[in-house]
Amino acid sequence: MWSDVSDRAAYLRAAAQLRGNPGQWAAYEARGHCVVLAGPGSGKTKTLTTKMARMLTEDVHAPRGIACITYNNECARELEDRLAALGVLHDKRVFIGTVHSFSLTQIILPYAQAAGLGLPMSFGIARRAEQQAALLEALGRTNIPQNLEFRLNNYRRAYLNRDTPEWREADPNLAALIERYEAGLRRRGLIDFDDMPLLAVRALRSNQWLQRALLAKYPILVVDEYQDLGSALHRMVMGLCFRTGMRLFAVGDVDQSIYGFTGARPDLLRRLSERADVQTVRLRLNYRSGTRIVSASRVALAEERDFEAANADMQGAVFIHSMAGNYENQAVRVVRDLLPQAFIRHPGLNLGDVAVLYPAAWIGDAIADAAQAAGIAFIRTDGNALYPRSSRLMQWLEICAQWCCGGWRSGDPRFARILRGGERLFGESLKSDQRRLEFHRLLISVLWGQRDEGLRLHYWLDQLITQVIQPFGNSCALLRDELETLATFAARLSKAGDQRHMVLSELAGNGTHLSRLTLSTLHSAKGREFGLVFMFGLDNGRLPRNDADHDQRAEARRLFYVGLTRAKQEVHLLHTTGRTSPFVSEIEQHLAAE
Ligand SMILES: Nc1ncnc2c1ncn2[C@@H]1O[C@H](COP(=O)(O)OP(=O)(O)OP(=O)(O)O)[C@@H](O)[C@H]1O
């Protein structure tokens, strides 16, 4: 949670930059519902954060606040960082998080009983093993067929209203299985991840007073990356904003929709922007990328768009590399040749300005191994990362580590931020003032006593786990998954673990991206920007996949577009010789014709 704007000058300075762009300024000045629909690098996030800082100062007065919903915890962290840079401080006035966490913390936990959701007084969030046990029971089998969980969850997301005939008619067997599965979870006193938005929508639909209670708390709803958020959020927006009176400020880009496979519906954003009671703003200028990268991205998208680079003097460059050998051989070439050559062209950049992006996490293993062998520090943000980047507990530990590695002296991060983050995580067990005080006391004493960046991470973490995390976290139902993630990571740090040599500064560095090469899937790179981008593994059969149908091929094309548009100065498209992705071939033809 965040709060007051401590430094008005910071957001006013940011606003002065928007003034030169009529679209951004119109969005900044909008008083009613407003949707910003614009391409990559056009300043959607910049406009959103600056406007949020302004609305918190000028439009919404304490104790009321603003709820801001975004796609995942990584995007939420990006927004938190950008807001912090605008002087927006932490407290209870602002919610920033995913649809799931909004549903859980703002609707289900406070109102489950009053809203008649049929949940027990005390319920927990199902761990993976518990979900599987409930599903096996519902199936009456000993194994779960491949893809079933994926299909089941997509079905739940697609048919929100179970009172309609479609719920049962579209796939009667699946609908019945889901009902048995959910009943099994409830018997165990559990809800799962996908239950969260579903229960929240149900609670809102049948309780007008609940919509008004949320309006009282949050008169403004801000939504980032609208194209990737599914029907549940759209339903909430329809109810809360267009029937109950919350003001909506949403940004998104249909061309960057890359989560259709999880049930995201980009057409919902388009429909929203077509409403007569919504002011729709379109932005044309790309502030991020050089002119050559912008024109290559138009080719990549294969749709008529009028985007232009904001700075015509900045050309940027697009390189295509046909590479022999397997991914391991190719990765060595990236690390040994291409990366050093790029630094010679751009001596002002450092590793933190570079990303290697690839279509799937396993392809990233080759780059990670080559970087490790070459002694290059990197940070992985994909599924094969040291720990899931989406873990709020691990994100909090990263800032605790930063504080111990010098933040205590520089004020970056501030201890108040660590404290509030901790209070949010362990909130369930901090109900009394005395308990909260005890938490503050223990946390400061453990962190203060371990201010040494060379400290073995295993030792540092062990102190924190035994003295703070276990005493305050073990009784928190909402932390069960997170504690499992932490235990897995801690095991890797132990004497027999593959990460036993890790020191504190490495965990701190994981949270900053500074001076580290970023390794990421194309999906996880959404919303980010880098000076130099290497897109690795762009082979036919991988992007798009061999078995892709029409829609999947279109989504693969958008994914390619998202990757390409992360780059400011240079983008490198790398593919295996003889297996060029058709998307790369199109760019090749475009470059040849230039
Ligand atoms: N009016 C402006 N003047 C100068 N720089 C700007 C302006 N608007 C945006 N920028 C800069 O352009 C870059 C891209 O902005 P931002 O990340 O907000 O774009 P976005 O539309 O959210 O991009 P994407 O959809 O690709 O994630 C940032 O470095 C931002 O600071």
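This is a predicted model: local features need pLDDT of at least 70, side-chain atom pairs count only at pLDDT 80 or more; totals for chains, interfaces and linings use all residues.

Which atom of the ligand is 3.4 Å from an N or O atom in the side chain of tyrosine 287? It is a nitrogen atom.

**Ligand surroundings**
- There are 17 residues around the ligand, and those that come nearest are Gln24, Lys44, Thr45, Arg288 and Glu529.
- Threonine 45 has a polar side-chain atom 2.5 Å from an oxygen atom of the ligand.
- In the side chain of glutamate 529, an N or O atom is 2.7 Å from an oxygen atom of the ligand.

- In soluble globular proteins, nonpolar side chains tend to be buried together.
- The largest nonpolar core here has 49 residues, of which Ile108, Leu221, Val223, Tyr226, Val237 and Leu248 touch the most other members.
- Helix 12 (residues 231-243) supplies the largest share of this core, with eight residues.
- Beyond residues up to four places away in sequence, isoleucine 108 touches Ser103, Leu117, Leu119, Phe123, Met196, Leu199 and Ala200.

**Open sheet and its helices**
- Six strands form an open sheet in the order 11-16-15-12-14-13, and their pairing is parallel.
- Strand 11 (317-323) and strand 13 (378-380) are the edge strands, each pairing on one side only.
- From one strand to the next, the twist averages 20 degrees.
- Three bridges join strand 13 to strand 14 (residues 517-521) in the parallel sense, and phenylalanine 378 stands opposite leucine 517 of strand 14.
- Helix 16 (residues 361-373) packs on the sheet and touches strand 12 (354-358), strand 13 and strand 14. The direction of helix 16 makes about 165 degrees with that of strand 13.
- Helix 23 (residues 550-564) also packs on the sheet, touching strand 12, strand 15 (530-535) and strand 16 (567-576). The direction of helix 23 makes about 135 degrees with that of strand 16.

**Arginine 205**
- Arginine 205 belongs to helix 10 (residues 195-206).
- Arginine 205 counts as partly exposed because its relative accessibility is 39%, which lies between the limits of 20% for buried and 50% for exposed.
- Apart from neighbours within four places in sequence, arginine 205 is in contact with Asn161, Asp163, Gln211 and Arg235.
- Alanine 115 is 90 residues from arginine 205 in sequence, while their C-alpha atoms are 9.9 Å apart in space.

How values were computed: Residues are numbered from 1 along each chain as its sequence is written. Side-chain values use heavy atoms; hydrogens and water are left out. A nonpolar core is a set of buried Ala, Val, Leu, Ile, Met, Phe, Trp, Tyr and Cys residues joined through side-chain atoms within 4.5 Å. Buried means under 20% relative accessible area, exposed over 50%, partly exposed in between (1.4 Å probe, protein chains only). Helices (H or I, at least four residues) and strands (E, at least two) are DSSP runs, numbered from the N terminus. Contact means heavy atoms within 4.5 Å. Two strands pair if DSSP finds at least two bridges between them. Axes are lines fitted to C-alpha atoms, for helices over the stretch in contact, and angles run from 0 to 180 degrees between N-to-C directions. A residue is near a molecule or strand if one of its heavy atoms lies within 4 Å of it. A polar contact is a pair of N or O atoms within 3.5 Å; within protein, one must be able to donate a hydrogen and the other to accept it, and residues adjacent in sequence count only if both atoms are side-chain atoms.
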